[in-house]
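This briefing is intended for a reader who meets this structure for the first time. Please keep the sequence and the model in view while reading the points below.

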Amino acid sequence: MNRRALITGVTGQDGAYLAEFLLSKGYEVFGLARRSSTSDVNLSRLKWLGIEKDVRIVDGDLLDLSGLIRSVKDINPAEVYNLAAQSFVASSWQQPILTSQVTALGVTNMLEALRLTKPDARFYQASSSEMYGLVQHPVQSELTPFYPRSPYAVAKLYGHWITVNYRESFGIHASSGILFNHESPLRGIEFVTRKVTSSVARIKLGLDRELRLGNTGAQRDWGHAKDYVRAMWLMLQQDKAEDYVVATGRTSTVRTMCEIAFSHVGLNIEDHLVIDQALFRPAEVDVLLGDPSKAKTNLGWEATVSMEDMIREMVDADLARINKG
């Protein structure tokens with residue numbers, strides 16, 4: 001039985017946790033990573049999990065179709081997880097062309113490489129709750145209309161629909177996971193949850209005095225990345241490829257998330273939180289709340305880690321990082 005998996009974006013939060021999960025299932029794990037002339041591939045997240053020597057890194061770029069074809073031929077994967085993207089929403093307004101090329105057209109390149117080389121491989125596309133944007137229903141399911149509000153969300157929407165198209169046009173076992181916000185100690189510092197937990201840790205240790213944020217009234221459905229990569233794998237184990245919302249079914253404001261982080265270290269949020277108008281987005285997504293009932297029914301999946309426990313874990317991890325220098 002072929003137990004080879006290829007992960008694009010393996011050096012990111014989700015890629016690292018997915019690699020760890022697949023290794024625990026007995027897979028050979030290959031990670032596609034883009035190198036630059038100034039530095040080697042950043043394996044810090046894989047090292048954090050202690051699996052950097054178990055993942056076989058392959059040079060590649062979603063914009064290079066010929067390279068993707070060669071990689072697929074060489075690896076011969078049974079499963080392909082496309083997690084790579086320009087995934088920071090705020091940057092997508094500053095880099096809309098790059099975001100479109102990588103986050104949208106990169107999906108087509110990966111699917112085309114599979115169609116031409118390994119059409120029996122099973123494919124997972126990382127879709128995003130940001131596609132709902134200006135929400136059309138209070139709770140978002142697989143049937144809720146999309147209304148993207150950023151270049152990132154528009155690009156993700158293209159990637160989502162091209163995955164559906166290749167599934168219906170060519171019979172590829174291709175599924176999209178519409179993942180709502182999911183975080184962990186491996187989240188990048190530019191994302192709001194990690195910005196909060198890192199700042200709270202620095203304030204607690206006397207290295208900073210304030211946390212500057214934009215719209216703290218925005219509401220998000222937050223889960224733990226470890227739970228969500230398990231849902232990715234479950235989708236590719238099904239006989240029929242379908243799309244699934246992956247969420248907790250519970251929403252909280254950014255401010256509530258901040259209160260949990262400050263309270264965890266015995267600090268008063270009012271003494272440190274500063275609202276900065278410069279940090280507001282050009283077009284805001286006010287509330288996201290997912291309905292994961294299809295994933296629960298078809299996949300047997302549900303979130304196991306609460307938002308409160310996740311934020312406390314992230315604060316503790318940042319305290320440990322800072323204390324270690």
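Once neighbours within four places in sequence are set aside, Leu 205 is in contact with Leu 319, Ile 322 and Asn 323. The model in which these contacts are found is a predicted one.

**Leu 205**
- Leu 205 is located in the loop that lies between α7 (192-204) and β8 (211-213).
- Because its relative accessible area is 34%, Leu 205 is classed as partly exposed, a class that lies between buried, under 20%, and exposed, over 50%.
- Val 229 is 24 residues from Leu 205 in sequence, and the two C-alpha atoms are 33 Å apart in space.

**Asp 61**
- The loop between β3 and α3 (65-75) contains Asp 61.
- Asp 61 has a relative accessibility of 25% and therefore counts as partly exposed.
- Apart from neighbours within four places in sequence, the residues in contact with Asp 61 are Leu 32, Arg 34 and Leu 68.
- Although Asp 61 and Ala 33 are 28 residues apart along the chain, a separation of 6.9 Å is found between their C-alpha atoms.

- Strand β2 comprises residues 28-33 and is mostly covered, with 5 of its 6 residues buried.
- Strand β1 (residues 4-8) and β2 run parallel and are joined by 5 bridges.
- Within this pairing, Ile 7 stands opposite Gly 31 in β2.

- What is the volume of the second largest pocket? The computed value is about 150 Å³.
- This pocket is lined by 16 residues, of which Ala 247, Thr 248, Arg 250, Ala 303 and Val 305 are the closest to its centre.
- By residue class, the lining consists of 7 nonpolar, 4 polar and 5 charged residues.

Notes:
Residues are numbered from 1 along each chain as its sequence is written. This is a predicted model: local features need pLDDT of at least 70, side-chain atom pairs count only at pLDDT 80 or more; totals for chains, interfaces and linings use all residues. Side-chain values use heavy atoms; hydrogens and water are left out. Buried means under 20% relative accessible area, exposed over 50%, partly exposed in between (1.4 Å probe, protein chains only). Helices (H or I, at least four residues) and strands (E, at least two) are DSSP runs, numbered from the N terminus. Two strands pair if DSSP finds at least two bridges between them. On a 1 Å grid over the protein atoms alone, a cavity is a set of points where a 1.4 Å probe fits but cannot get out, and a pocket is an open set with protein on both sides within 12 Å along at least five of seven lines; lining residues have an atom within 4 Å of a point. Grid points are joined across faces, edges and corners, and a volume is the space filled by probe spheres set on the points. Ala, Val, Leu, Ile, Met, Phe, Trp, Tyr, Cys and Pro count as nonpolar, Asp, Glu, Lys and Arg as charged, and the others, Gly among them, as polar. Contact means heavy atoms within 4.5 Å.
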